[in-house]
Every structure is written in structure tokens, then in C-alpha cells.
Amino acid sequence: MEYDDARRFRALCVEQLKREPNQTFRAADGILTEMNARLQKLPEWKSAHFTARYFEVDRTTLEEALVLRQEADSLWLYLQDVYDDERDIENALTSLSGRADIQLQRPFSDQDWQNEILDKKSPLLAKAREHYTQAVISQAEACETIFRRPLSAVTGAAGTGKTTVICAIIRAVRQTEGDGAPITVMAPTGKASDRVRAKLHERGIERVETSTVHSFLAKGVWLNENLTFGRSGGKRAGNGTIIVDEASILDLALMASLVRSIDWRQVRRFILVGDPNQLPPIGRGRVFAGTIIWLDGRKKGSIARLDQNRRQMENAIAGNGTAILDLAELFVGGTARDDGKATSPQAEALLSAVHKGGEVDADLRIVYWDEPATLSDRLIREIESEMSVHTGKPLDVTKPYELWRSAFEWKPENYQVLTPHRAEPHGVEALNEAIRNRVARGVMNWFGTVDGITLFDKVIQYRNRPKSNPIWAYNFDTRKSERAEIFDGEIGFVQNMALTLKRAVTE
């Protein structure tokens, strides 16, 4: 192979595109610059300098693995598989959106929607009836807007009632199409799927198929054993109403696999639910955000936007504070960024309080540290101070684990330490080690560790084990080992089986 062989040029382009974690396509001149910079570091007999002319001359060879798209004076490059993923999603959603509106077999009135949205147990009903009623009416109108659309989306920030809307839509499907109408609710993560399942149970909604997207794919043989996605040959399934929660997490590859796995001839409505302002998916593309923009320009009335934050209302009334959500909204909404708009007085006051540190609101306290080496000690002191306040128990410095166990009450979600970094002094590894040395040193010395994990450690599941690939686990109710589902993101404690069994029998 010559140093400037078309196949080498193609391979270098493919490799550069595979290095791209987020974008579905790249500018050809950018790829060319990066490629030549890499080649310059090689010995002279391996080096070459490619120009834009090669894209024209070697186009036939390049198109065996790439898609070249010309827009005005710019050339853009796709990996062939990525381009095909985009087209499969586009074709499925375009076809669905082009269908006529759904004709309801039975009516579902404005009052019906409001009755389904209304939560009679909400403290807002008694303490802020007017504001709560307005929020209910707004959500009901949003539901009614999209219910007859074959393709629609529900968007809103945390606390705006997206899961409540899902429940209301399911009730409406049952009333207008009958109790046997097929409904599927799925989510990209097991934790999100469990949350929807719990909300449905709370609302008394039964016989709704809930699963992760990966479980749905696995059933149809669209998920390979190595957890990559199949591109053909699987069984198409799904009918009636399909709702995808937390759709903003879907990346291009996962969404493309999902649309391939669905039998669209049997689907009556397809609803995507999520928050496009959340962090983008880990993989390529922002499918949900792009779909919102596309639907806005294609078919009005296909998007239900929830803007009444009931969680903030409840926190304000209960005196629990609203600063966490308010602060998040500043950055999500752009009012804290340099977007040319004036920052509101409320936002200025909040940011000023954050800069000063200390108690910002009942739900938010800001603590700063000076040196990375001091962070872990400062963090542990703050956590133990909170634990003492919450439990009413003092810290015994000789037995700190007693306070920690009392504060957690065997509920791993009671306290969380989150960091976006891994290997720095302020990263997850260093902080995790510091906390374990504080709480579990005696246990590690006595019992030892397995893969760095010891008895009573708080742990997190980092891969899905659905029905198609379950794990064996001991069931303390039946007192025998059974195949069990466990999903990415679920948390718990490592326990001694005999100790846990004794506790279960005692309780």
C-alpha cells in the first residue's frame, strides 16, 4: 500500500470519526487537519500530507465506509452506520408524524383530564389551592393537546409533573380504548423504569408493561450478548401506545435500535417524555432535543410543555427551600450565561448568596475549601454534622460508623456524595477511599475485601441484568436463591446474609 493510498486515507478518516464521542458528523476540513497533525509525528517513510482534493479524487473508495455530504461550500463526513441510524430514526418519525390524528372511540373531557392530574393527597390542595389548580389546568391542557397525535413529546424540568402526565395519559387510553388497550412504558435506565412503575402502583394503575429500553430490545433479539445493538434480523414488537420516559438520555445508536425493533404498523401513538435541557446523552447525538425542534417546525400541537413546577411550590409551602431547583434553572435556562439578556434581581440575589457560601436556603448550603488535600476531611465533618442533626445523636469519634449506620437506616439513598471527576483529589476514587477509611477501616481489617469491597459498603450496580440476562440472588422472603433483575444505577449495601436473614425474621 502506498503512503497516500485511498484506503489509508479512508481508514484515517474512519478512525478520526470513531474518536468523536458526541457529534454524528464532522467537517471534512477539521478531520483533515487532525489527520495530518497525527501523520506529521510519524517517521518520514510513514508520513503523508493529504489535502481536500483527496475527498474528490478518492470519493468512490471513501464511500465504502463513509457518507460525504455537501452543504453550500462545506463538506461533511459521517460514518456509514451513524448516517444509517439517523435515516432510520428520521424515516420512522416522519412516517408516524404524517399520519392523521387519532379518532377517539369515547370522549375524554377537559374535566376528565383535570381529575386525572389532580393529586388529592398533595399539600398544595389545602395550602395553595389557586396556584395548584392553575398548575393542574396547565398540565391537563398539555395532555389534551397531544393525546390525539400519533407522535408527540412531553417536556419539562424536574418537578413539573412529567410522571403524573404519563399516568393521566394511561388512564385516558384505558377510558377511550378500553381496559385491554395495549400500553408499554419504557425508560433508558432501570432506575427510571422502577420510578415509573412505583408511580403507576401509587396511582392504582395496573397491567401496564414497564421495562428498560434494553430489555425491550433483548426480547426481540436486537441486543447482542456483548451489549452492542443488532442492525437487522430481530423480531419487531410493540403495539397500541408506547411511552418512552427519560427520552433525553437516548443517544443516536439506542434510539435507532429502538425504532428498528418496533412494529410501527401496530403502534397507535408514540410519546417521548423528557427534559431537553438536561445534560446530553453520553453517546452520539441529542435525539430528544432534535426531535423537539423538528416537531415544533413540522406539526403544531405535538409538544406538551410543562412549566408549572409543583415540586418548587411544595418545597416553598413546607419551608424546605427552593434554591437547588432555582439555581439549576439559572444555568439550564441560560439566565446565568452570557446570552445577552439581563439577569433578573432574583437571580442576582441567588448567585450572590452562592458566592458568599453558607446557608443559601433551607435546601442548600454552600461550603468552600482552599486546598484539595483538605477536601475529604472537610466533607466528612460536614456530613457527620448533618447526620448528628438528623438523628439527634452525637458523634463518637472512636466509633464513627455507629452514627453513619444510624443516619442511613439501611436506606442507601439517604446520603449521596456526587462528583463529576474520578482520579483527582476531589474525584470519586479519593473521596470514596477517605470515607471508607473513616467508616469501615475496622471491618476491612477484620473481614478483608473482595475486589476492594467489604461488608456494609454502599455499592452501585453499573450494568443492566434484565429478564433476558438475570443474576442469581438470595430472596429473603422465600429463603432461596432465585433469578433476579437488577438495573444500572441501583444502589444498596453489602450485607452478611445470616445477619440480614436474622433481621428480616425479627422484623
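The following questions and answers concern the predicted model shown above.

Reader: How many helices and strands does the secondary structure of the protein come to?

Author: The chain has 507 residues, and buried residues make up 42% of them. Its C-alpha trace spans about 75 × 70 × 60 Å along the principal axes. The secondary structure comes to 21 helices and 15 strands.

Reader: Among contacts between residues at least 6 apart in sequence, what percentage join residues at least 24 apart?

Author: The count takes in contacts in the protein between residues at least 6 apart in sequence. Those that join residues at least 24 apart make up 65%.

Reader: What is the strand order of the open sheet of 6 strands?

Author: The pairing in this open sheet is parallel. Its edge strands, each pairing on one side only, are strand 6 (209-212) and strand 9 (303-306). From one strand to the next the twist averages 15°. The order is 6-5-7-8-4-9.

Reader: Which residue in strand 7 is the bridge partner of T184?

Author: Strand 5 (residues 183-187) and strand 7 (residues 240-244) run parallel and are joined by 4 bridges. For T184, the bridge partner in strand 7 is I242.

Reader: What angle does the direction of helix 10 make with that of strand 6?

Author: Helix 10 (residues 190-202) packs on the sheet, where it touches strand 5 and strand 6. The direction of helix 10 and that of strand 6 make an angle of about 160°.

Reader: Which residue in strand 3 is the bridge partner of A27?

Author: Strand 1 (residues 26-27) and strand 3 (residues 74-79) run antiparallel, with 2 bridges joining them. Strand 2 (residues 66-71) also pairs with strand 3 in the antiparallel sense, over 6 bridges. In that pairing, R69 has W76 as its bridge partner in strand 3. The bridge partner of A27 in strand 3 is likewise W76.

Reader: Which residue in the hairpin of strand 2 and strand 3 takes a positive phi?

Author: The hairpin has 2 residues between the strands. A positive phi near 55° is taken there by A72.

Reader: Is N36 buried or exposed?

Author: N36 is found in helix 2 (residues 28-39). Leaving aside residues up to four places away in sequence, N36 touches A48, H49 and F50. Because its relative accessible area is 7%, and the cut-off for burial is under 20%, N36 is buried.

Reader: Which residues of helix 18 are buried?

Author: Helix 18 covers residues 400-408 and is followed by E409, whose phi is positive, near 50°. The cover over its buried residues includes helix 17 (372-391), helix 19 (428-439), strand 12 (458-460) and strand 15 (491-493). The buried residues themselves are P400, L403, W404, S406, A407 and F408.

Reader: Which element gives the most to the lining of the second largest pocket?

Author: About 870 Å³ of space lies in this pocket. Of the 22 residues that line it, the closest to its centre are A473, Y474, F476, I486 and F493. Strand 12, strand 13 (471-475), strand 15 and helix 21 (497-506) each supply at least two residues of the lining. The element that gives the most, with 4 residues, is strand 13.

Reader: How many nonpolar residues does the lining of the second largest pocket have?

Author: The lining is divided by class into nonpolar, polar and charged residues.

Reader: What is the volume of space in the largest cavity?

Author: A search of the whole structure finds 2 cavities of 30 Å³ or more. The largest is lined by S248, P276, Q278, L279, P280, P281, R286, V287, F288 and A289. By class, this lining has 7 nonpolar, 2 polar and 1 charged residues. The space in the largest cavity is about 40 Å³.

Definitions and conventions: Residues numbered from 1 in each chain as written. Predicted model: local features only at pLDDT ≥ 70, side-chain atom pairs only at ≥ 80, totals over all residues. Heavy atoms only, no water. Buried < 20%, exposed > 50% of the residue type's maximum accessible area, 1.4 Å probe, protein only. Contact = heavy atoms within 4.5 Å. Pairing = 2+ DSSP bridges. Axes fitted to C-alpha atoms, helices over the stretch in contact; angles between N-to-C directions. 1 Å grid on protein atoms, 1.4 Å probe; cavity = no way out; pocket = protein on both sides within 12 Å on 5 of 7 lines; lining within 4 Å. Points joined across faces, edges and corners; volume = space filled by probe spheres on them. Nonpolar A, V, L, I, M, F, W, Y, C, P; charged D, E, K, R; others polar.
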